[in-house]
Amino acid sequence: VLYETQREGMLSVSVGGKVPLGLERKSLRIVVTGGAGFVGSHLVDRLIARGDSVIVVDNFFTGRKDNLVHHFGNPRFELIRHDVVEPILLEVDQIYHLACPASPVHYKFNPTNVVGTLNMLGLAKRVGARFLLTSTSEVYGDPLEHPQAETYWGNVNPIGVRSCYDEGKRTAETLSMDYHRGLGIEVRIARIFNTYGPRMCIDDGRVVSNFVAQALRKEPMTVYGDGKQTRSFQYVSDLVEGLMRLMEGDHVGPFNLGNPGEFTMLELAQVVQETIDPNAKIEFRPNTEDDPHKRRPDISKAKKLLGWEPTVSLRKGLPLMVNDFRQRIFGDQKDMTT
Ligand code: NAD
Ligand code: UDP
Ligand code: UDP
């Protein structure tokens, strides 16, 4: 067992200001599944900076070692190549469960949401760890309520092409609540709305990464359907702050974590034009099946109970992502995937 102490000055925001300055606390052992991915790697950065010990469990399905390479050699950091669909034994205090093929092009291939979540809940039960599930706004499906509050039960097609993702996450929420109610496991549920930022997969088909990569490569931005469907885009640092507050707080959730700023895909394309290239072209493509028409989080609950709200607007966050994409697309292109 690692018992490090540290100055509370470093903890500050991450525990919602609960521990008074000057006090010291035990370093936690935290597992982050999917920690080599986009959101996970930013979370790991914050946990390590706070002084905790982090074990990343990732099968590198969409994650990359490159996202974590700056922690290699740190004795408080460990990276395990493992598929969470298989059981694993670890001794930890907290589990951030992010492992999931999160993009439409990947998520069809994998039972991670159900079996992986069950294994991580089993682990939480065995060692008495607190478990945080990263669920998704997709649980609301093509919503009939707008904006979506946590009380809305959703409008999801159980047999569609997206079902293994949205129904998979709905099942993961059910399992989490059953382990909580039935076995007393401490769980936390976040429903994450569309998030963007540095380290996003470049070619996984999500709209922000597609538009940014296309505009940088001087290719037309592919707008699906008429481009009038809406999404709300959250910068990754806001999400990570929300996840940590949720984990440290007293409330199970579910909590919507997203930026209420709502954009049509055509408006998003316009912001990308303003940021990267005013001459970037737009090309219309047929939309995918079951594409939700609109999505915007009602974040009143997170504001009230977690004292959280996003601080980075799309126009402020996008340039930060563009710098990273520019480097990865035009800079050193060595493959660190495996
Ligand atoms: P990502 O693809 O960058 O990260 C997912 C990580 O999980 C990758 O590193 C991948 O290799 C790993 N992984 C996948 N299957 C695994 C398995 N079976 N075993 C071990 N590791 C596995 O995606 P992200 O955007 O960082 O998403 C992180 C979490 O947040 C996911 O659970 C996702 O559903 C959720 N989420 C993200 C968004 C978003 O907009 N980014 C929105 C809603 C929910
Ligand atoms: N599990 C795991 N690591 C652990 C404990 C459990 O991966 O440290 C897995 C276990 O293999 C099982 C799942 O989690 O597949 C659920 O475990 P639980 O003990 O809740 O259920 P049971 O094994 O009793 O069905
Ligand atoms: N989309 C688009 N062009 C692209 C990729 C996606 O217009 O190149 C649209 C897609 O049809 C959807 C929205 O952007 O309406 C968000 O898609 P994404 O896959 O990023 O997220 P999700 O649908 O899961 O919210």
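**View 1. The chain as a whole is built from nine helices and 13 strands.**
Residues are numbered from 1 along each chain as its sequence is written, while chains are lettered from A and ligands numbered from 1 in the order in which they are written. Because this is a predicted model, local features need pLDDT of at least 70 and side-chain atom pairs count only at pLDDT 80 or more, whereas totals for chains, interfaces and linings use all residues. Helices (H or I, at least four residues) and strands (E, at least two) are DSSP runs, numbered from the N terminus. Of the 338 residues of the chain, 44% count as buried; a residue is buried if 20 or more other C-beta atoms lie within 10 Å of its own, exposed if 12 or fewer, and partly exposed in between, with C-beta atoms placed from the backbone. Among contacts between residues at least 6 apart in sequence, 79% join residues at least 24 apart, where two residues are in contact if their C-beta atoms, placed from the backbone, lie within 7 Å.

**View 2. The largest nonpolar core has 72 residues.**
A nonpolar core is a set of buried Ala, Val, Leu, Ile, Met, Phe, Trp, Tyr and Cys residues joined through C-beta atoms within 7 Å. F131 and L243 have the most contacts inside this core, and helix 6 (residues 236-248) contributes its largest share, seven residues. When neighbours within four places in sequence are left aside, L243 is in contact with L43, Y96, L132, A190 and L257.

**View 3. Ligand 1 is surrounded by 31 residues.**
A residue is counted in such a shell if its C-beta atom, placed from the backbone, lies within 6 Å of the molecule. Helix 1 (38-50), strand 2 (53-58), helix 3 (112-127) and strand 5 (130-136) each supply at least two residues of the shell, and helix 1 gives the most, with three. By class, the shell around ligand 1 has 15 nonpolar, 14 polar and two charged residues; here Ala, Val, Leu, Ile, Met, Phe, Trp, Tyr, Cys and Pro count as nonpolar, Asp, Glu, Lys and Arg as charged, and the others, Gly among them, as polar.

**View 4. Ligands 2 and 3 have shells of their own.**
Around ligand 2 lie P87, I88, L89, L118, N119, G122, L123, K125 and R126, which divide into five nonpolar, two polar and two charged residues. Ligand 3 is surrounded by 14 residues, and the closest are R206, V207, N210, T222 and Y224. Helix 5 and strand 8 (221-224) each supply at least two residues of the shell around ligand 3, with strand 8 giving the most, three residues. The shell around ligand 3 comprises five nonpolar, six polar and three charged residues.

The buried residues of helix 9 are L314, G317, L318, M321 and F325. An α-helix has 3.6 residues a turn, so residues three or four places apart point the same way. The buried residues of helix 9 pack against strand 7 (195-196), helix 5 (207-216), strand 10 (234-235), strand 12 (262-264) and helix 7 (265-275).

**View 5. Two cis peptide bonds and two positive phi angles lie in loops.**
A cis peptide bond with omega of about -10° joins H146 and P147, and P147 lies in the loop between strand 5 and helix 4. The peptide bond from G253 to P254 is also cis, with omega near 5°, and P254 lies in the loop between helix 6 and strand 11 (255-257). F60, in the loop between strand 2 and strand 3 (77-81), has a positive phi near 60° although F60 is a residue other than glycine. R199, in the loop between strand 7 and helix 5, has a positive phi of about 75° and is likewise not a glycine. F60 is partly exposed, with 15 other C-beta atoms within 10 Å, whereas R199 is buried, with 22.
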